Amino acid sequence: DGSAMRLTVARYYTPLGRSIQRSYEKGRKVYMDELWERFSNGELLSADSIKSHNGKKFTNNCRDTLYGGDGITPTVFVPLDTSRSLQSTFRLINNSSFSRYVYNYYLQHKTEIDQYATATDYLGRFNKSNEMWEGLVKFATGDTVNFSSVTGREKELLQHRLKALLARYRWRSTGFYQVLNSEDHAIKKAVEIINGNK
C-alpha cells in the first residue's frame, strides 16, 4: 500500500560497518552539551582544534584512515560561518509572521510562481527578494518583532530564507532545500570538490 517502516538500532553505521554514533553512557544532557563544547573549543571554527579520535580504525576504498565512534572528522574542513548562526536571525525566522507572510505571498502570486518549471529555474530567475522584504516589513508592523531594524547581513539571510520558504510551497521540501543549500558554504565546497574530481 506504499507504507514504509523505519527501524533503528539506536546507532548510526556507515556502509563499511563503522559506528559514528557518540555514546549516551553519561546521559542525554552530556550528549547534547557536547555540541556547545565543540563550538566553545573552536572545533567548528578551526581544523587544528578538532580532537583526535581513538576508536577502532577503519580503512575505506580511498585508503583514508577512519575511526569508529565520536562522529566523522572531515577530510576537507569547512569552518562554521558564525555570521549565519545569529540567534536574533533565527528568532525572526521562527516568528509566526514570517511564515504567514510567505504563505499569503504564495497565494497572491501563485500563477507567477507556477510559471517556473523547476526549483532550479526559480532559483536562477526569481528576483523579487526586495519586494518580498518590503511586504514582510509592512505585514509584520505592530507585531512583537521589528523586521525593519535588522542589520544588513541579517536582512540578506532573511531574504534568502523567504525565497526558500516560497519554493517550499511550490516544490515541497526538495525546492526548499535546493534554494536554502545554494548559499551553504559546506555544500558549495562539496560540489566544488565533486566537480573538480570529474
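Helices (runs of H or I of at least four residues) and strands (runs of E of at least two) are taken from DSSP and numbered from the N terminus. The structure described here is a predicted model, in which local features need pLDDT of at least 70 and side-chain atom pairs count only at pLDDT 80 or more, while totals for chains, interfaces and linings use all residues. Residues are numbered from 1 along each chain as its sequence is written, and side-chain values use heavy atoms, with hydrogens and water left out.

The protein chain contains 8 helices and 2 strands, and along the sequence these elements follow the pattern α-β-β-α-α-α-α-α-α-α. The radius of gyration, taken over C-alpha atoms, is compared with a globule rule of 2.2 Å times the number of residues to the power 0.38. For the protein chain the radius is 21 Å, well over the 16 Å that the rule gives for 198 residues, so the chain is more spread out than a compact globule. Along its principal axes, the C-alpha trace spans about 55 × 40 × 40 Å. Of the 198 residues, 30% are buried, where buried means under 20% relative accessible area, exposed means over 50%, and partly exposed lies in between (1.4 Å probe, protein chains only). A contact means heavy atoms within 4.5 Å, and of the contacts in the protein chain with a separation of 6 or more, 60% are between residues 24 or more positions apart.

Two packed helices are described by the angle between their axes and the distance between the axes. The axes are lines fitted to C-alpha atoms, for helices over the stretch in contact, and the angles run from 0 to 180 degrees between N-to-C directions. Angles under 35 degrees count as roughly parallel, over 145 as roughly antiparallel, 65 to 115 as roughly perpendicular, and the rest as oblique.

Helix 3 (residues 96–108) packs against helix 7 (residues 152–181) at an angle of about 55°, with the axes 9 Å apart, which makes helix 3 oblique to helix 7. Among the residues that meet are Phe-98, Tyr-101 and Tyr-105 in helix 3 and Leu-158, Leu-162 and Tyr-169 in helix 7. By class, this contact of helix 3 with helix 7 has 11 nonpolar, 1 polar and 2 charged residues, where Ala, Val, Leu, Ile, Met, Phe, Trp, Tyr, Cys and Pro count as nonpolar, Asp, Glu, Lys and Arg as charged, and the others, Gly among them, as polar.

Helix 3 also packs against helix 6 (residues 129–139), at an angle of about 125° and with the axes 10 Å apart; helix 3 and helix 6 are therefore oblique to each other. The contact includes Phe-98, Arg-100 and Tyr-101 of helix 3, together with Met-132, Gly-135 and Phe-139 of helix 6. Its residues divide into 6 nonpolar, 3 polar and 2 charged.

Within helix 7 lies His-160, which counts as buried at 13% relative accessibility and touches Val-179, Leu-180, Ser-182 and Glu-183 when residues up to four places away in sequence are not counted. Arg-172 is also placed in helix 7, but this residue is exposed, with a relative accessible area of 58%, and has a positive phi of about 60° although it is not a glycine. Asn-127, in the loop between helix 5 (119–125) and helix 6, counts as exposed at 64% relative accessibility. The C-alpha atoms of Asn-127 and Leu-45, 82 residues apart along the chain, are separated by 33 Å.
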